[in-house]
Amino acid sequence: MEFRVLGPLEVLRGGGTVDLGGPRQQIVLAMLLLESPHVVSVDRLVDAVWPDSPPATARSQIQICVSSLRQRLGSDARTEVITTRRPGYLLDAGSAEFDRQLFATEVALARDHVQHDRLGDAADLFRTALARWRGSALPGIESLAVRDAATHLEEERARVVEEFADAQLRMGNHRDLVAVLTKEIDRYPLREELRGQLMLALYGAGRQADALREFRRARQLSIDELGIEPAEPLRRLEQAILREDDSIVVARNGRRAEAPPPPASSAPRMLPAEVADFTGRTRAIAEVLGKISAERDTPAAPAVVVLTGQGGIGKSALALHLAHRLADRFPDGQLYASLHGASRPVAPAEVIARFLRALGVPGSTIPDDLDERAELYRSRLSGRSVVIVLDDVGQEAQVVPLLPPDRGSAVLLTSRRRLTALPGAERVQLESFTTESAVALLDRVIGGTRISDDREAAVELVRLCGHLPLAVRIAAARLAARPHWSLRTMVDRLSDETIQLDELRHGDMAVRASLLLTYEALEPEACRLLRLLAMIDTPHVGAWACAALLDVDHRTAEDQLDELVELHLVDIEIDPDGDVGGTRYHLHDLVRLFARERAVAEDPATDRAAAVARYLGAMLGLAEEAHRREYGGDFLIVHGDAHRHPLGERLRTSLMAQPLLWLARERQALVAAVAQASAAGLGSLCWDLAISSVVLFEAHALFDDWRATHDLGLAAARRDRDRLGEAVMTYSLGSLHMFEQRFAEAEECLDAALATFTELGNDEGMAMVIRNQAFVDRVTAHYSRARTRNEQALEIFRTTGDRAGEAYVLSNLAQVDLDIGHEDDAQTRLQAAAEICRTIPNRRVGAQVMHRLGEIQLQQGAGDLALESFSAVLEFAGDVGDRTAEAYGLLGLGQAHIARAEIGAARTALVAAERMARELAELRIRVRALLSLSAVALAGGDVPAARERAEEALDASGEIDLPVLTAGCLTALGDADAAEGRHESAVQQWTAALEHLRSTAPAFTGRLTLDLEQRLAGPAAT
């Protein structure tokens, strides 16, 4: 197999091109290839496919895209190209050729040759690498994320072209290079480095006039496209060619000589020195330079870029780095001022006076009036090309008088605020360093081999610094000053949260002091909100939490939250759905530590505890409401008496528009809230919140979360001697075991829960337990007991008025009827259950009813009706993101396609169902999907594949030991034997299957029993 992204997206296999499917699949594959060998999250794939407004079923559709790609790429269980890795998917090219990886490898080797002056070998490798390109990267894929990545690939190619040209120039191959560079200039017309190399090649080939003509073309293009003159190095090169300075062609040691230095100038040079060990920010640098180039096309408007982010994020260092890089493009000088907006704001009149003196205006002639100063300042700058850096801006009013009058100049601002009211400004928000950049900064400051000697400790150190550049720099400075300290020493000191901020201080650098500047600029109520947010033990919260913490209405709380966001004390993650519950907020780790310090210092312990209790009570109320809306009422659940903190009706309605989606967004917060309630001694709230979250855990197969929350809830109930809580948690843990197909453990928990509910006289709890016991009875083929228990549960649910429970039990009874061959009774029960679901309404139980109805329709040979039923199940699963329901829906869909003789469609659906069941550890679905795939393979004449699938199914069924499934596996193996003409072996397998059924499930008289009896009585048996 061969993957190609250096040109149109292609996958080649066996000499042919693989059909990759529609645009969505191509976007997903492109993203996986571009990020390989790293995991791409499902959220990132959703953003790539739907950048503006993804549908509610986006995550499910991504899963379907991946399943389709796996089929098209020919994956199987042993050789998967695309694997599921939290939080998304990983494409591992393995032994396949991947042009991007080959390109990168060849370029790296070429660069190594350059380092060792093996220029000929380097040029050959550069040429080989460039030959892998088949045009522009990934044309025709209209995804912003893919286009951004393609732009980076093109940028890398352009750099390689320049490195190739440099090697050729150093070897004196000027004539051969002219044709190559002439073609490349058409592709990258604005790359001045490439243009200068072409000028050198032309001059070195004896074509001085052509070289000068090339400069004139470059100059005209720069003026037309960017509105600026070419950069200083290109202008100096033109002058050297005019003087026929041959030293520019090849200097000693084969290296090109530098162009002569620029003439002395009286232009102001106010920039402080650049940070010597500046590290990272490659993407931000490219973004700012691109914005400045683009904005200079705007008539009569200067380019204004605001670098915004929290204190210590590295805004000032980046602004200086950019200003020094831009200096050659703005030959009339650089102006710089720190406005101290976070501490003691400097008046604009004072700054203008400094700038005017730097521009040559005598101090005695500078007006006193601000407006007159601004007019003189603008007059001095008119027609000039300067870059202006205004560091630490506090508010827009400080900046407006300092803006230049026309497009010839550029302004770089840094601010802890977003400055959204500044007209015409482009904003670039800086985030914390990546691990790679943070470790690189450590390495540059410390030097030596301390990083390479213990990289694991370096990674842990920057994590403890929150990847905040200021914190990393402080830690690095302390280590540099203490050569006897190891990285582990610093890690140990920072691991103690009680002194972490004390450790992040060195000289005049301190994280706490930096945060205090921002904190003191807040209004008192915003300060209080920051302190209370830090008391919540979850990385992310919704805006609704602020109303509970402050005990105010949502609008008031949102105003305070906006102030924290404005000053970057709270970070935001905007959900593309754009609804009230979609945006998430979180505190940087060091901001959280700082805010907790302030909370302990400023807020009484009782106030802090009351705020946390309000938040947890609001979380419980919302989770309870989500369950209620998902089930159509307070059905199939038992609650405690914990306090629910009320939120406004309008806010609650907005949050609950899609209850399961809200629960999924709050997943981390829910799990953390259960733990915090336990730690706070709020036992009833702890277990009630855990049981209210089960609707999410069940739908998304979040079994680890289910177990963790319920272990805490059970411990809290036992600690408080809360018998009701203990019964609810034990029942729910039994349900978890049931989902995990651990039926012995399930029965043990359910028996214990039933005893306690009976002792307490809690009818609803008793019915819920008995319903689940009946389910275990059915799947383990104890049909008489399953029928008795289901009828007992049905009677109790009708007494308590639990309509969802009634529908659920009717559906279970219908399945028992199917298993013992009473199809008419099953259909009658399902119709009654469907009618209940329409009146509640309850789509969740309704989908289960629809699935069983589809199974009856399959047994009746009504494939078209079954297809409609299973499609409805898939629609429900997609709408709410229920992966378990989706696996069931895909299984049924595949079986319906088999009934309609649509073998290709059946295979696609069944493979997707089997893969999803494997991911969810749903063994029952997986075994059934494998058996259906075995039948599909047999129908297509592929007997080895049919046998292999049947053997896989038998292995999987051994983990759960369910009689009917095991018999089905033996039957499928017998069918494979019969297809190969091995009749004796086939009869043995069928006989074993029938005997297994009769010995372990004597009451089972479903379709499988009849099929086996017919096989053994038919011609194949003789």
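Student: Take D43. What does D43 count as, going by its relative accessibility?

Tutor: D43 counts as partly exposed, because its relative accessibility is 48%.

Some ground rules. This is a predicted model, in which local features need pLDDT of at least 70 and side-chain atom pairs count only at pLDDT 80 or more, while totals for chains, interfaces and linings use all residues. Residues are numbered from 1 along each chain as its sequence is written, and side-chain values use heavy atoms, with hydrogens and water left out.

Now look at the partner of D43. Its side chain meets that of R59 in a salt bridge, at 2.6 Å from N to O. The term means a side-chain nitrogen of Lys or Arg within 4 Å of a carboxyl oxygen of Asp or Glu. Side chains of opposite charge can pair when their charged atoms come close.

Where do the two residues sit? D43 is in helix α2 (residues 42-49) and R59 is in helix α3 (residues 58-72), so their pair ties together parts that are 16 residues apart in sequence. Helices here are DSSP runs (H or I, at least four residues), strands are runs of E (at least two), and both are numbered from the N terminus. R59 is partly exposed too, because its relative accessibility is 42%.

Step back for context. A search of the whole structure finds 79 salt bridges. One of them joins D777 and R789, with the closest N and O atoms 2.9 Å apart. D777 belongs to helix α36 (residues 763-779) and R789 to helix α37 (residues 783-800), so this pair ties together parts that are 12 residues apart in sequence. D777 counts as buried, because its relative accessibility is 0%. D43, by contrast, counts as partly exposed.

Salt bridges can also share partners.

The side chains of R718 and E726 meet in a salt bridge, at 3.4 Å from N to O. R718 has a relative accessible area of 48%, so R718 is partly exposed.

Back to the start, then. D43 is partly exposed, and its side chain meets that of R59.

Definitions and conventions: Buried means under 20% relative accessible area, exposed over 50%, partly exposed in between (1.4 Å probe, protein chains only).
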